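Have a look at the structure first, then read on.

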Amino acid sequence: METMAARPIPAHVPPDMIGNFSLFSSPGLEPTPNGDPQAASAVVHDGPRIFYSPVNTRDGKGTWVITRAQDQRRVLQDPETFSSHRSIFASALGESWQMIPLELDPPEHGKFRSLLNPLLSPKRVMALETAVRERASVLIDRIAAAGTSCDVMTDFAFPFAVNIFLRFLGLSDDRLDEFVGWANDLLHGDNVKRPAAARTIVAFIDELSADRRRQPVDDFMSFLVQSRIDDRPLTDMEIRGTGVLLFIAGLDTVAAAIGFDLNYLARHQADQQWLRDDPKRIVLAAEELLRAYPTVQMIRVATRDVDFEGAPIRKGDYVSCATMIANRDPLEFADPARIDLAREDNRHTAFAYGPHRCLGSHLARREIVVGLEEWLKRIPTFRIKSGTAPVTYGGHVFGIENLILDWSQEDAA
Amino acid sequence: MKIIVHREKCQGHARCWAMAPDIFELDDEGYIMPGDIDVPEEQERLAWMGAKSCPERALDIQK
């Protein structure tokens, strides 16, 4: 991580509204052995409903922090006031195109969503299920045949999630390790690696779209280069912006979710057994695990001055809606710190609220459920390997590393 | 029982459909079809669960 030079706090922020919480650096949110960063971020519920965090983005900017689910819903459902029109990816390269649809606002946004929604609708995802299940079982069979422990992230979660996504994009598995490396550098690299990875990904997407323009096949990029919006083809920048977003959005979020879920089940044997006893419970349990262990924060930019629950938000201010904070709001969820795999009343926001609701949410859900089903079917009672400690981290996208699970008889004794 | 559908608030989470696919119908993009829904008595519990699962609060229950 680069050093985060503190920027001056804007003069309009009242001193008594400045909080010392940061998703990047508060206790339990920096890389922590055996950590629980989502639980650690729930500490904000002891404080006010909105406050200003001076260092709360990857590049060290301050944001307002919205703590209540109800208020996050208001922010994210109001893109006119709270815009997502940014160029976070392109600006790292000194450019200004948008990732699409994420960084577009309505009404432009809706046109692209209408184009892309059918490709990832709940019904379309049902048709992908066989391939998802097949991929999970091949990977887990290989792990089970190789021994009685594994590194879940590198042996299962990443190769599984990335394979499904590459297949969706129409890319083969041959370069999977290379793609995962780009994503790692982009999301977790330093000041040199991040822009280098960004440039590599842009060049890759540009080249792919040029290929598909010359020779369309049955895949996502071919669909994109042949699509029309407002009765015109997409521009090169629109194709790049859409391709880049879909490429990076699917790379590590699902893997992180599967990692956090298996970490939880490894540490809670009764819950693990409860799912084994009746695997039909996994569908509902996966929703509770999405509530408890979401991984992203939404950042919006105020388009005008607005007073929000006593906070003087000014045009240009950043507003953070962190999913893990809303999902542990005691006003939204009964007993939010308790993880109840049978929880029914569960309108969590792991995939955000508002028009930018995660486009891939239905595929992500399917991957998580199928991943857990196939894992529990093939791997006997598992736990964290003794003498090891998974490392969790907060920040821009929460994650977990070094998750070594063990299901040997000796370790159990 | 009737479900009041605020379609402009639907963002395609499809949680209602996941709970009760026979009650809540989706369009090709995965968003709820317009129009309020009359729920037969035997399906009230399912409809209630579907409506309560909407993260956007786009579904109201009218007794």
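Before we start, one term: helices (at least four residues) and strands (at least two) are DSSP runs, numbered from the N terminus. With that in hand, here's a first stop: Gln11(B) sits in the loop between strand S1 (2-5) and helix H1 (15-19) of chain B. Keep in mind that what you're looking at is a predicted model.

**Chain A as a whole**

- Chain A comes with 16 helices and 15 strands.
- How does the radius of gyration of chain A fit a compact globule? A compact globule of 413 residues would come out near 22 Å, and chain A has 21 Å, so the two agree.
- Of the 413 residues in chain A, 59% are buried.
- Take the contacts in chain A between residues at least 6 apart in sequence: 70% of them join residues at least 24 apart.

**Charges and salt bridges**

- Chain A carries 46 positive and 57 negative side chains, with the centres of the two sets 3 Å apart.
- Side chains of opposite charge can pair when their charged atoms come close.
- Over all chains, the count of salt bridges is 36.
- One of them pairs Arg133(A) with Glu374(A), whose closest N and O atoms are 2.6 Å apart. That pair links distant parts of the chain, 241 residues apart: Arg133(A) is in helix H5 (residues 122-146) of chain A, and Glu374(A) is in helix H15 (residues 361-378) of chain A.
- Are the two partners buried or exposed? Arg133(A) counts as partly exposed because its relative accessibility is 23%, while Glu374(A) is buried, with a relative accessible area of 2%.
- Both also belong to a network of salt bridges that links Glu129(A), Arg133(A), Asp141(A), Arg366(A), Glu373(A), Glu374(A), Lys377(A) and Arg378(A).
- Another salt bridge joins Arg240(A) and Asp206(A), with 2.7 Å between the closest N and O atoms. Arg240(A) lies in helix H10 (residues 236-249) of chain A and Asp206(A) in helix H8 (residues 193-214) of chain A, so this pair ties together parts that are 34 residues apart in sequence.
- Here Arg240(A) counts as buried at 11% relative accessibility, and Asp206(A) is partly exposed at 26%.
- Asp340(A) and Arg338(A) form a salt bridge too, and their closest N and O atoms are 3.9 Å apart. Asp340(A) is partly exposed, with a relative accessible area of 22%, and Arg338(A) is partly exposed as well, with 46%.

- Asp71(A) has its place in helix H2 (residues 69-76) of chain A. With 1% relative accessibility, Asp71(A) counts as buried.
- What does Asp71(A) touch, not counting residues up to four places away in sequence? The answer is Arg49(A), Ile66(A), Phe308(A) and Glu309(A).
- Back to Gln11(B) in its loop of chain B: at 12% relative accessibility, Gln11(B) counts as buried, because buried means under 20%.
- Leaving out residues up to four places away in sequence, Gln11(B) touches Gly354(A), Pro355(A) and Arg357(A), along with Tyr31(B) and Glu56(B).

Terms used:
Residues are numbered from 1 along each chain as its sequence is written. Chains are lettered from A and ligands numbered from 1 in the order in which they are written. This is a predicted model: local features need pLDDT of at least 70, side-chain atom pairs count only at pLDDT 80 or more; totals for chains, interfaces and linings use all residues. Side-chain values use heavy atoms; hydrogens and water are left out. The radius of gyration is taken over C-alpha atoms; the globule rule is 2.2 Å times the number of residues to the power 0.38. Buried means under 20% relative accessible area, exposed over 50%, partly exposed in between (1.4 Å probe, protein chains only). Contact means heavy atoms within 4.5 Å. Lys and Arg count as positive and Asp and Glu as negative; His and the chain ends are not counted. The place of a charge is taken as NZ of Lys, CZ of Arg, CG of Asp or CD of Glu. A salt bridge is a side-chain nitrogen of Lys or Arg within 4 Å of a carboxyl oxygen of Asp or Glu.
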